[in-house]
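Me: I have a structure open here and would like to talk through its fold. Could you take a look with me?

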Amino acid sequence: MAIEFPEALLARMRTAAKVGVLTGAGVSAESGLSTFRGPGGLWQNQDVMELATPQGFARDPQKVWAWYAWRREQALQARPNPGHAALARWEAALTARGGTFELITQNVDGLHQAAGSRNVTELHGSGWVLRCTGCGDERIDRTHPLPELPPRCAKCRSLLRPGVVWFGEMLPERAIISAQAAAETSELFLVAGTSGTVYPAASFVQIAARCGAVTVEVNLEPTPLSGKVDYSFRGKTGEWLPALLAAAERSDA
Ligand code: BV8
Ligand code: ZN
């Protein structure tokens, strides 16, 4: 699929020493994982306040865990797609020439890391982390199926919760700091596969634009960010991210 990209953008991709990327569920959609808000989205027939809030968890931990156990199973069967691979390749090429590449993701599926991305900031935590609501013990646990639902802490038998950030919860301090720094210092900031509706994640694109980055969006549909970026490409991340990178590498040759 020969996609033509503006030469000015390719030139910036070639020269940028600091690149920031924000990804959302649309990048993992190319690996077969459901998105939240689009057609067929997870929240079309589920109540987000029941499944992605501390109150929902307190009310019915079993129901919330059934949903996260199902999402863990989906993610275990998913493989990184060409969009994930393109971002990992871009990071490797940029860091090889002394640049920095900050990948900030809202996704909790770990597919960026599985694709080889090294510098990944998980703004909304990870579905592979289990955190104890009693003693705070936190560990990566990819067991599937979990021995019991809801799972309990081996140390204190309190309920374990998914190590993700729910609505109304603060994002991890260091995630905020690294995302903010990336937004403020990137010369090129790409946002891919996110509806741009959740904050503070969506704010980093606007901060990058305000701080002088060239901003690029790849999304199947227009989003609230589309009018705020320099380039907004309509298409699948699994096709457009590899095409964008290949175009920049070609013109690099
Ligand atoms: C906080 C848990 C404060 C993990 C998630 C009013 C205004 C502004 C903000 C607020 C407000 N009211 C409340 C808030 C704050 C709230 C918020 O932003 N609400 C929104 C909905 C209005 N934010 C919070 O609560 C955050 N915390 O602010 O704390 C605070 C301050 C002091 C003290 C205490 C607290 C916490 C936000 C995190 C919430 N947790 N998930 C999990 O289970 O995954 S967020 C949830 O939405 C998902 O995790 C996901 O990460 C996130 C964003 O979704 P997207 O990734 O964008 O996915 P979506 O389906 O929406 O879109 C997919 C896109 O991809 C679409 O555009 C589609 O077109 C595109 N696409 C699909 N396929 C493809 C594609 N594109 C290309 N190719 C394809 N193939
Ligand atoms: Zn415990």
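Me: What is the strand order in the open sheet of 6 strands?
Reply: In this predicted model, where local features need pLDDT of at least 70, side-chain atom pairs count only at pLDDT 80 or more, and totals for chains, interfaces and linings use all residues, the order is β3-β2-β1-β7-β8-β9, with parallel pairing. Strands (E, at least two residues) and helices (H or I, at least four) are DSSP runs numbered from the N terminus, and two strands pair if DSSP finds at least two bridges between them. Residues are numbered from 1 along each chain as its sequence is written.

Me: And which are the edge strands?
Reply: They are β3 (120–122) and β9 (231–234), each of which pairs on one side only.

Me: What does helix α9 touch?
Reply: Helix α9 (residues 203–210) packs on the sheet, in contact with β1, β7 and β8 (214–219), where contact means heavy atoms within 4.5 Å.

Me: Switching to α1, which residues are buried there?
Reply: In α1 (residues 7–15), Leu9, Leu10 and Met13 are buried, meaning under 20% relative accessible area, with exposed over 50% and partly exposed in between (1.4 Å probe, protein chains only).

Me: Why are they on the same side of α1?
Reply: Because they cover an arc of only 100° around the axis, the arc being that of the directions from the helix axis to the C-beta atoms. The face turned away from that buried side carries the exposed residues Ala8 and Thr15.

Methods. Chains lettered and ligands numbered in written order. Heavy atoms only, no water. Axes fitted to C-alpha atoms, helices over the stretch in contact; angles between N-to-C directions.
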